[in-house]
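Colleague: I have a few labels to check with you. Let's take them one at a time.

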Amino acid sequence: MKALQLPVASGSVARRRWLRRNAWPALVYVLLAVIVLAQRIAHPNYGAFEIQSAVIGAMPFTLATLGQTCAVLAGGIDLAVGTELALFNVIAATLMANAGFGESLLIGLLVLVMGFVVGALTGAVINVTGVPDIIVTLATSFVFAGVALLIMPIAGSGGAPTEFGTLFTGELSDVWPWTGAVGSVIPAGLLSLAFALLVIWLPFRRSRASLALYALGSNRTAAFLSGVSVNRTRILAYGLTGTFAALGGLALTGTTGSGDPNIGISYTLNSVAAVVLGGVSLTGGRGGMAGPIAAAFSLYGLLILLQFLGISVDYQYVVQGVTLVIVVLFLGRLWIGKR
Amino acid sequence: MLDTDNLLQVTGLRKHYGAVVALEHANLGVRPGEIHALLGANGAGKSTLVKMLTGVIRPDSGTIAVRGREVRLTDPAASQRAGLGAVFQDPALAPDLTLAENLRLTRADPAAVRRWLDELGLQALDPGEIIADLPLPTLRIIELARALARQPDLLILDEITAALPSDLAESVFRVMRQWREAGRSVLFISHRLGEVRAICDRATVLRDGRDVGTLLLAEGGEERIVELMLGASRSEMQPAAARHADARQTEPLFRCSKLRVTGRLHDVSFEVRPGEILGVAALEGQGQDALFDCVAGVIRPDGGEMRLGNTPLALRRPADAIRAGIVLVPADRVMALLPQRSVRENIVLPFFGRLRRWGRVTQRWESQTVAGPIARLAIDTRAQRQVRRLSGGNQQKVSVARWLATGFRVLLCFDPTRGIDVGTKRQIYALLRELADQGAAILLYTSELAEVHLVCDRVLVLYEGQVVREMKGAVADEAALLRAAHGLTAEEAAV
C-alpha cells in the first residue's frame, strides 16, 4: 500500500515535475544559445543580417522537422518528408509563376490542403497494406522525387510574387508596418513557424485526437483497447506531416523565388536527427514540438558557425554528426529514469 | 441452460486459427446481480472468450446477446456501448500520457473515476502523474475505476487480482460485492480458486474450448471444479521409460539457492542430480519464465546463488551458460531456430558462437557433425532446406539436436511438447530419459500437467514465484498438481 501513496501535486511539486519532464527541450535551447553565442564570437560583425539569413536558411528544414515530429510521435517515421517538401516547392513555384499576391496566398492555402491529402494517403497506404512505415515512406520518397522532376525538369524555373517572398525573407515591419522599429529587426520568416504552431499545432494539441496520436505512439495495444481508431489516427498523423512539409515547400518557394526538384533530399535524415536531438522518443509517444524546433535551429546554426570559423564543408558534416551523437548521449544519460 | 432472463447469453461461440482450435463451442450465461466465475486450465479458451466479449477478436460463429438482444461486438468501443465494461489482462492505459489525459482519451468522467479511486483506497493519486511512472497495482485499480465509472451492466475482470497485493484485492472484492448489491453483474476470471470460492456465486468451467459445466459454488467446492477442469480425458500415454524413482545418491550437478527476481521469483532453491529429470509445474505466469531465464543466463537474478558442481555460476548472457554446459530448449521454437535456414545450419550454429573451429566451414564437416543427431532423433529431413517448413515436432527435435552436437551437462526444456502430436511427444520424452541416463541433469517445465508423472523423477510446483510443493514424480498426478498449482495446500484440498 505504501508504494501506492502518491503526493498530491501542490504548486511546487507541479513546478518541479514540469521542469523534470521538460528538462531535455530546455537543454536544447541552452545548446542553441551556446551556438548563437559562439557565432557572435566567431563573426566580427554579427548582427541583424546574420540572424535574418539564419532564419531564412533554417525555416524550410525546421518545418520539415515539425512534420517528421508528427510521424514519429505517432510511432511511425516519414522518410519522404524531404522529397515531399521539394514536390510542394515545385508545385507552388509552378502555380505562382505569374500570380498576383492575393492569388499566391490562395495557392499557398491550396498547397497546404494538398499536403494534408498526400500525407493522409501515405497513412492510408500503411493501414491498408500493413507494410511498415519506414518502407512505405521510403517508396513514396522516390515517387515524390520523380513527380517533382516531371513537373519541373529544370531547377530554378517557376516563380513567386515579390510580396509573397517578403513573407519569408523580409522583416516583420515589411509585412506589418505597425510593428515599427521592433518589427524591423524580427525576421518575417518566423511568421511561417508561428503559423505552424499557433494555427495548426496548438489547436490540434488541445483536441482529443492529439491524445489518440500520442497514445498510438506510446503503446498501440493500449490505444486500441482504449477505443482509439488506429487507422484514423495514423492517417491524421501523416496528414499533419504532409501539411508541415507543404508549408516547408512554401517557405522554400518564398525564399528562393523558384522551384528546385532536387533540394529536399538532405532534409529527410536531418529532420530525423533534429527530432531525436529535440527529445522525441523514436519509438513514439513522448516529446513535443519545442525541442525539435530548437534542435533544427541548432543543427543549422552549427553549420553556419563552422562556416564562420572557415572550416571546410567536408568537416562540417563530420562535426555535425559527432555533435549529434555526443549531445544525444549526454542528454540520454540525464534522462534515464526521469521525465 | 438457455435462460432468457440472463443479462449476458453467449451461445455456441467458436474460433479457429487455421488448424488450432481456440474455442470450439462455448456457452455462458450470466444472470443479473451475480458474480460469475469463468474457469479453465491453460489453453481451455478463457482468454479467447473474453477477447470476444470485449470486441478484440470476432468469433467464427455463435452469438452474444445482452439483455436478450443479440449484439455484434466489432471493436472495444462496441463492447462498451453494449454495456460490457472490462479490465483487460493487457494494460489499456497509454504509458506516456498522464492519468487525466488517458481519462479524456477514453471519454471517462473524471469525477466518477475519482469517486471510485477514493472508494478503492487511492485518494492520494494525482491525475497529473504519467502512467509509466505508476506501479502496476495502481494501474489495475485505475482501470477498474475507469470501467466502473462507465456504469456497465456487466463488469469483466480478467485476472485483475494477479498483480494486486492482498489489501488492494480486498478492496476490489468489496467493490464487486457492492456492484452485485446494486443489481449489476461481474464476470470474474482468476486462477486462484480460493478467491473464486470466497466471492463468486456461480462458476462456468471451460475445457478444450467447450463449456463443461456451470455450478453453484456454495454446493460444489473445489473438488468438483478440479474434476470438471480435468475432465475424463486422462492421458493415454504410457511412461516413456522405466523411472529411476529414487534419485541416485550422487552429488547434485546443478543447484540454486534463494534465487530471487524482484516481483517474479522469491527465494527459489532446488538441486538437480545427474541422471535426474526435475519437473517444474505451474499455471501461467507464476515465475517459471524468470526461473528458466536466470538459469539460462538470459536475465540476471536480483539475489541468490547458482552452482554447477562446486563452481559458483555468474551468468551474464546465454553464451556464458552454454559455455558452462547449460543449454536451453525454449518453448517458442521459432525463437530458437533460424527459420529460413537449413536443418544442417541450425544444428551447427552453436559452434560458431564458441569459435571452436576457425577457418572455413566445409560442407563435409557440417555433414559429419549433423549426421549423428539427425539419425538419433529420427528427424524427418525431407523438408530440410528450410527449418520453417518442418512440422512443430521436427522443429523441436532440431533445437534439441543442436545441443546433442555440441554437448551439454544441464538441459533446460521449457514446455518442449506444446502443440506437438502424441507420437513425437513420446519420442521426445524417451529422448529426455535417455539423455538423463547418460548423465545429464534435466530441468523440464511443462504446461501439460497430465504428463508430468510420465517423465519426471521429481516435480516442483511454483505458485506466485515460490516453490509451494515438491512431489515424487510417481505421485504427481494431474489432480494433485492442479490443486497445488492453484495455491491450495494439501490440507485444504483434502477437506
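This is a predicted model: local features need pLDDT of at least 70, side-chain atom pairs count only at pLDDT 80 or more; totals for chains, interfaces and linings use all residues.

Colleague: Turn to chain B. Why is B:Asp415 called buried?

Modeller: The cut-off for buried is 20 or more other C-beta atoms within 10 Å. B:Asp415 has 20 C-beta neighbours inside 10 Å, so it counts as buried. B:Asp415 sits in the loop between strand E17 (410–414) and helix H15 (422–437) of chain B.

Colleague: What makes the phi of B:Asp415 worth a remark?

Modeller: Most residues other than glycine have a negative phi. B:Asp415 is not a glycine, yet its phi is positive, about 50 degrees. B:Asp267 also has a positive phi, near 45 degrees, and is a residue other than glycine. B:Asp267 belongs to strand E12 (residues 265–272) of chain B.

Colleague: Why is B:Asp267 called partly exposed?

Modeller: Exposed needs 12 or fewer, and buried needs 20 or more. B:Asp267 has 13 other C-beta atoms within 10 Å, so it falls in between and is partly exposed.

Colleague: And why is B:Ala111 called exposed?

Modeller: B:Ala111 has 8 other C-beta atoms within 10 Å. The limit for exposed is 12 or fewer, so B:Ala111 is exposed. B:Ala111 is in helix H4 (residues 110–119) of chain B. From B:Ala111 to B:Leu404 is 63 Å, C-alpha to C-alpha, and 293 residues in sequence.

Colleague: How do you know that strand E6 (residues 84–87) of chain B pairs with strand E7 (residues 154–158) of chain B?

Modeller: Pairing needs at least two bridges. E6(B) and E7(B) are joined by 4 bridges, so they pair. The two strands run parallel. B:Val87 has B:Leu157 as its bridge partner in E7(B).

Colleague: Which residues of E6(B) point which way, and are they buried or exposed?

Modeller: B:Leu84 and B:Ala86 point one way, B:Gly85 and B:Val87 the other. All are buried.

Technical notes. Residues are numbered from 1 along each chain as its sequence is written. Chains are lettered from A and ligands numbered from 1 in the order in which they are written.
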